[in-house]
Amino acid sequence: MNLKQLRLSRQLSQEQLAQMSGLNVRTVQRIESGANASLESQKCLAAALNVDLATLNQEKVMIDRSSENWKNLPLFLRVWFVFNFLQLRPTRRSAHNVERLSHVCGYLFCFLGVMNEAALIGGLIMLTSGYLFTLLKYQGDKYQIWYGRSDKAYAEG
């Protein structure tokens, strides 16, 4: 059962999912850790996550360019992801790394802008870039287009 992956892809905590499904938090924790779930619990979880039972009981979800999520993205979003990451298979980790690097460099350049006006302008550009990558990462989470299994674990932290 891929309950944890589905829950994380919707950016829900275990407590939120438990409340939405009407189940106990401990029940959600047990199911995520591999315990068998009753049919009634499965139906409650599927309804809360807005998926069918077959999707809920899949062993794992692999998102790739041939997946419906990627195909259903508007063309400008697909081009934006490929262009910004310079890779056909964008990962959440690369989005996070670019976002962090843009923010760190932006703040550093803004600090140096006290002595040099050009550094201040560069810092503001880097900060703007960092916030655009934050938006890009949010859209990647929203449309569930990230590649790689490690990215799902990385999204937890």
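**Exercise 1.** Is Leu108 buried, partly exposed or exposed?

*Solution.* Start with the model: it is predicted, local features need pLDDT of at least 70, side-chain atom pairs count only at pLDDT 80 or more, and totals for chains, interfaces and linings use all residues. Residues are numbered from 1 along each chain as its sequence is written, and side-chain values use heavy atoms, with hydrogens and water left out.

Step 1. Recall the classes: buried is under 20% relative accessible area, exposed is over 50%, and partly exposed is in between (1.4 Å probe, protein chains only).
Step 2. Leu108 has 48% relative accessibility, so Leu108 counts as partly exposed.
Step 3. Helices are DSSP runs of H or I with at least four residues, numbered from the N terminus.

**Exercise 2.** Find the span of helix H8 and compare it with the expected span.

*Solution.* 
Step 1. Helix H8 covers residues 92–112, which is 21 residues.
Step 2. The expected span is 1.5 Å times one less than the number of residues. For H8 this gives 30 Å.
Step 3. From first C-alpha to last, H8 reaches 30 Å, close to the expected value.

**Exercise 3.** How many salt bridges does a search of the whole structure find? Describe each pair.

*Solution.* 
Step 1. Apply the criterion: a side-chain nitrogen of Lys or Arg within 4 Å of a carboxyl oxygen of Asp or Glu. The search finds three salt bridges.
Step 2. One joins the side chains of Arg7 and Glu32, at 2.5 Å from N to O. Arg7 lies in helix H1 (residues 3–9) and Glu32 in helix H3 (residues 25–32), so this pair ties together parts 25 residues apart in sequence. Both Arg7 and Glu32 are buried.
Step 3. Another pairs Arg92 with Asp141, with the closest N and O atoms 2.9 Å apart. Arg92 is in helix H8 and Asp141 in helix H9 (residues 117–143), 49 residues apart. Arg92 and Asp141 are both buried.
Step 4. Lys137 and Glu99 also form a salt bridge, their closest N and O atoms being 2.7 Å apart. Lys137 belongs to helix H9 and Glu99 to helix H8, 38 residues apart. Lys137 is buried because its relative accessibility is 12%, and Glu99 is buried at 11%.

Notes: Helix = DSSP H or I, 4+ residues; strand = E, 2+ residues; numbered from the N terminus.
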